[in-house]
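Hi everyone, thanks for having me.

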Amino acid sequence: MSEAHMFVAIPPRPAPRRIRGTAGWLRKNLFSDWPNSIATILLLMLFAWYVPQFVNWAVISAVARPDVEACRAAAHAGACWGVVAEKYRIILFGRYPYAQQWRPLVAVLLLLSLVGLSTLPRMWRWTLLPLWLLGMTVFVALMGGGIAGLVPVPTSLWGGLPLTVLLSVGGMTLAFPLAILVAMGRRSALPVVRTLCTLYVELIRGVPLISVLFMASFMLPLFLPQGVKLDVLIRVLVGIGLFTAAYMAEIVRGGLQAVPRGQAEAARALGLGYWKTHALVLLPQALQAVLPSLVNSFIGTFKDCSLVTIVSLYELTGALSLALGGDVVWRPFFLEGYFFVAFIYWIFCFGMSRYSVRLEHRLARGLRRN
Amino acid sequence: MSGTQTPLPISPRPPPDLRADARRWRERLIQLIVLAIIAVVLWWLMHNTLANMRARGAHAGFDFLFDPAGFDISEGLFGYESGQPFWRAFLVGLGNTLRVALVSIVACTVLGTLLGIGRLSRNFLLRSLCTGYIELVRNVPVLLQLLMWYFILTDMLPASDEALAPLPGIFLSKSGLAFPVPVLSVAWLYAGVGFVFGINMSVLYLRRVRRVLYDSGRQLPRVWPVFLLLAGATLLGCLIGAVIHGAPWAFDVPEKSAINISGGAAVTPEFLAVCIALSTYTAAFVAEVVRAGILSVQHGQLEAARALGLNRVQQLQRVILPQALRVIVPSLTNQYLNLTKNSSLAVAVGYPDLVSIANTSLNQTGRAFECVAIIMTVYVTLSLITAWLMNRYNRRVALRGLQG
């Protein structure tokens, strides 16, 4: 045997680069190759330039006291949070009588804790329904007054955060049963019912919310018998409810379609009729499957409620314009006011979207097979 | 047991299915009742409306469209004067709606695609930046963002005599954005003819490429020759035009004087605010659509494409994009429709879009029903046209295998 045919092992390959630990993470996420490293350095430079400027504007040079002179002296080099300190009562509660503003505060806290309670899966049972009815009644009673020695406050003075919460929660509550009926109607075997429901959904989804609100505020009074007057708040609430119902109906329909056919057939074999099949077998499964989408739809409604400003209801966005629009002294600091209101919206919407994601994971747990 | 076989009993004819009959009649009855209820409700609403209108002495009907409107419109594609009839005002409004929607759609698609790809980047910082933007923007109502942009554009920018000039020839101030536009010239017509000629040449060339591919399996280059053909033919047309009619590259550049900015083209701060707000807001949603579309292509597809020896462009063009687009395009269309519907918020900053014009007309004439009906009809028509185009597209890109 010659040397050439002798077996020579090739040298072992070096161990792979560390991908664990801080160094490994940095290499994988920031410096994996040349383009990546260049992007990292460019972005770091960008951050180094803008972040200190923003922090300086928002915190270091900012004026937090409600002091116009100090705010003017800062000359937009620093944020004037004083405008929030000065106006937060109007922004949060609109034109509600100043001395009575503890009432909307309590009402909002009550409704929010009710929402918080409803997010817990262990609370998902029928007791929630009377609890909500009670909560809404107390909310309206607190806001409107006229009982238990509370001074009556007309709905035209309601505003700010309570109005936003009322419109979105109330609109959703109105929309929910209608959405279920319309979703069932779109899957109905009866052509007339199916056509009507399809028409409703496609018509509403084709038009902007503003036109529905215009209809609620200008046309609804014409539709009612003479002498009957509906409060503008209720009209707008109906408008939002009808609008949201069309979108929710599509979500519910998606859920119903996802329920396996065998479920409906089994229910019929057990002798259940149409309504009982839906109420006891199909809807519980369908609604649970689309719960995350329903939460997302609620986020949309919550944001859309800002549109009622255009028909002169002063919810959060409108209340801000109410507070600053006519005020010559504070008007230059409108931007800080916008940031404040945007922050409130953001907290609510971001919180709900996180909740929706968690819900999705939780529901997926049941479907996972190990 | 081989004796006489007892004949099989002839099964009696089944009795008529009375239950199915009954069900059919019941279904008919239910539908009749539903129709009757709808008819009664509609009649009741009509009756109330007519009674109310009679009590108020109001008129109904669309005849007001031919009366002079009597209000001015601050901007529009075609000129408008206050003496002209309402229907023209509505037309100007519709033009403004489409104009702002089209510009925003282009902007939000570009920005959204970049953000969506950025969210999938390997780079942690870029990924976080894009995620941060999306989470920040889509959790704040678009109306609030619109009002904020409008405030920034009208209250925080300098007046036109101290306008900002981010680039030479472009001025940004309280009175809007002024930018240069090329002066119309006959030579452009020649360039256009040249471009069309280039398209014809490209089509011929691509046919040849395909024939060579089918005959010999050789893939000729396609991208750069087509580009060259198009650019060359256009340029040639332009040059011929320039020789005959003089140079076409004159630009109308805005100039700043002590009082104002003149020349060039300009857009109002209202238009700008609506555009910026709609496109930055919708971009966050487009980004999510794009991301979901790219993630929907299974990893095995990319690996298979690599195993077949496709290069990066081919991987993207032949394997990833066709599958991703099937997911992306329907949702993207939905976002475009949402954007168009959201453009109705322009009424809040006084941009004269369709809703704003309808609102003004409504306040002036009191014809609430007619004005709202016009808004709704226009938007529903836009949705239906889009849905129709979408269905055609879907039929084209649908999985062939599933069609059978």
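Okay, ground rules. This is a predicted model, so local features need pLDDT of at least 70 and side-chain atom pairs count only at pLDDT 80 or more, while totals for chains, interfaces and linings use all residues. Residues are numbered from 1 along each chain as its sequence is written, and chains are lettered from A and ligands numbered from 1 in the order in which they are written.

So, how many residues of chain B are in contact with chain A? It's 44 residues of chain B with 42 residues of chain A; "in contact" says that the C-beta atoms, placed from the backbone, lie within 7 Å. Among the elements giving two or more residues to chain B's side are helix H1 (18–56) and helix H11 (368–397) of chain B. Helices here are DSSP runs (H or I, at least four residues), numbered from the N terminus. H1(B) brings the largest share, 13 residues. By type, chain B's side has 31 nonpolar, eight polar and five charged residues. Nonpolar is Ala, Val, Leu, Ile, Met, Phe, Trp, Tyr, Cys and Pro; charged is Asp, Glu, Lys and Arg; the others, Gly among them, are polar.

Next, domains, whose bounds come from an automatic or database assignment. Chain A's include domain 3 (98–152) and domain 4 (158–313).

Now the largest nonpolar core: 151 residues. Such a core is a set of buried Ala, Val, Leu, Ile, Met, Phe, Trp, Tyr and Cys residues joined through C-beta atoms within 7 Å. Buried requires 20 or more other C-beta atoms within 10 Å of a residue's own, again placed from the backbone. B:Ile375 is one of those with the most contacts inside the core. Leaving aside neighbours within four places in sequence, B:Ile375 touches A:Ser211, B:Leu354, B:Val355 and B:Ala358.

Last, helix H8 of chain A. Its buried residues are A:Val193, A:Cys197, A:Val201, A:Ile204 and A:Gly206. Why that kind of spacing? An α-helix has 3.6 residues a turn, so residues three or four places apart point the same way. The cover over the buried residues of H8(A) includes H7 and H10 of chain A, plus H1 and H11 of chain B.

Technical notes. Two residues are in contact if their C-beta atoms, placed from the backbone, lie within 7 Å. A residue is buried if 20 or more other C-beta atoms lie within 10 Å of its own, exposed if 12 or fewer, and partly exposed in between; C-beta atoms are placed from the backbone.
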